[in-house]
Amino acid sequence: MTESNSRHEAKKAAVKVTVTWTETAATAKDVGFLGLGVMGRPMALNLARAGTALTVWNRTAARCAPLRSAGARVAESPGEVFERSEVVFVMLADGEAMDATLGRGTADFAAYVGGRTIVHMGTTAPGYSRALEADVRSAGGSYVEAPVSGSRVPAEKGELVAMLAGEEEAVGRVRPLLAPMCREAFVCGPAPNALLMKLSVNLFLITQVTGLTEAFHFADQHGLDREQFLEVLDAGPMASGVSRMKSPKLLARDFDVQAAALDVLKNNELIAEAARGSELASPLLDACHALFAETVTLGHAAGDMISVLHAIEARTAGIRGEGPGLLGVGARA
């Protein structure tokens, strides 16, 4: 198959699907959920509130309390989740956390995943996912990639967008279960296409939010009315769901997390790795990588991704010779 034909087939493989609760109720299964972080907990809560027979586990047990109140069973170990579940959603920070939780490389792995469908909802390197799929299938399980686009607020509202990849039968089992968490799902073909799609989407998101933040800083430092700047932006063709979510946070200097700066940096590195592996240029991504690395170094790893404003302000302070001790002096409170 030629490269152009291959791309054409990949395009045909991406199918948009609207997920509905009717489908979910008709195909109810015992479901497990591993990982109740910033994204995982609201996602699991939506499953529980929709009446899903749900068993959850999180390394920090205190984060399970709202799930127990919503009717989910709280497991004492990952093994208990697998024991009670046919389909297990995994929403963990990285491949290392996933391997440890799944018991990969130990005798527990086959016992955990055999006969079950493992749904990888986090963001990892595509190569990692491809290898994990092979291990899961060798152990007698099924595997589906289902990373999601969206941050904490869409997760709370059940308005995430899912990207699915894997064997058709396994994807068919998982797709209806997404209804309480996602407003749409796109079937992207075989793994790791869903993760590659997620990284493509995240590349745009990272550069978009960084550009919005730099533009806000530019207007601010020229003495413009910051609120009016955001109103002008919102009235024009560049307005988007992302700009409308992040603009009020920039105006209020509200750095409470929706998508953490450290997670953005990790995603940036995954995208860069995939780009280098395919010999692709990524100039905007590389500029964002430097800024988010500086954001984390400045102590804002846990802040929202608009915390990149701190790095931009620090660069401005350096140009003006104000030094790091005067970081952010130019920004009006």
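This is a predicted model: local features need pLDDT of at least 70, side-chain atom pairs count only at pLDDT 80 or more; totals for chains, interfaces and linings use all residues.
Just after helix 15, G299 takes up a positive phi of about 100 degrees.

Helix 15 covers residues 283-297, a run of 15 residues.

Five of its residues, L285, C288, L291, F292 and T295, are buried. Around the helix axis these residues take up an arc of only 125 degrees, which means that they sit on the same side of helix 15. On the other side, P283 and T297 are exposed. What do the buried residues of helix 15 pack against? Their partners are helix 11 (193-221), helix 14 (261-277) and helix 16 (308-319).

Two of these partners, helix 11 and helix 16, also meet each other. Their axes come within 9 Å and cross at roughly 45 degrees. An angle of this kind is neither roughly parallel (under 35 degrees) nor roughly perpendicular (65 to 115 degrees), and helix 11 and helix 16 are therefore oblique to each other. The crossing in which helix 11 passes helix 16 is right-handed. On the helix 11 side, the contact is made by T213, E214 and H217, while helix 16 contributes V308, L309, I312, E313 and T316.

Terms used: Residues are numbered from 1 along each chain as its sequence is written. Side-chain values use heavy atoms; hydrogens and water are left out. Helices (H or I, at least four residues) and strands (E, at least two) are DSSP runs, numbered from the N terminus. The expected span of a helix is 1.5 Å times one less than its number of residues. Buried means under 20% relative accessible area, exposed over 50%, partly exposed in between (1.4 Å probe, protein chains only). The arc is that of the directions from the helix axis to the C-beta atoms. Contact means heavy atoms within 4.5 Å. Axes are lines fitted to C-alpha atoms, for helices over the stretch in contact, and angles run from 0 to 180 degrees between N-to-C directions. Angles under 35 degrees count as roughly parallel, over 145 as roughly antiparallel, 65 to 115 as roughly perpendicular and the rest as oblique. A crossing is left-handed if the near helix is turned anticlockwise from the far one by less than a right angle, and right-handed if clockwise.
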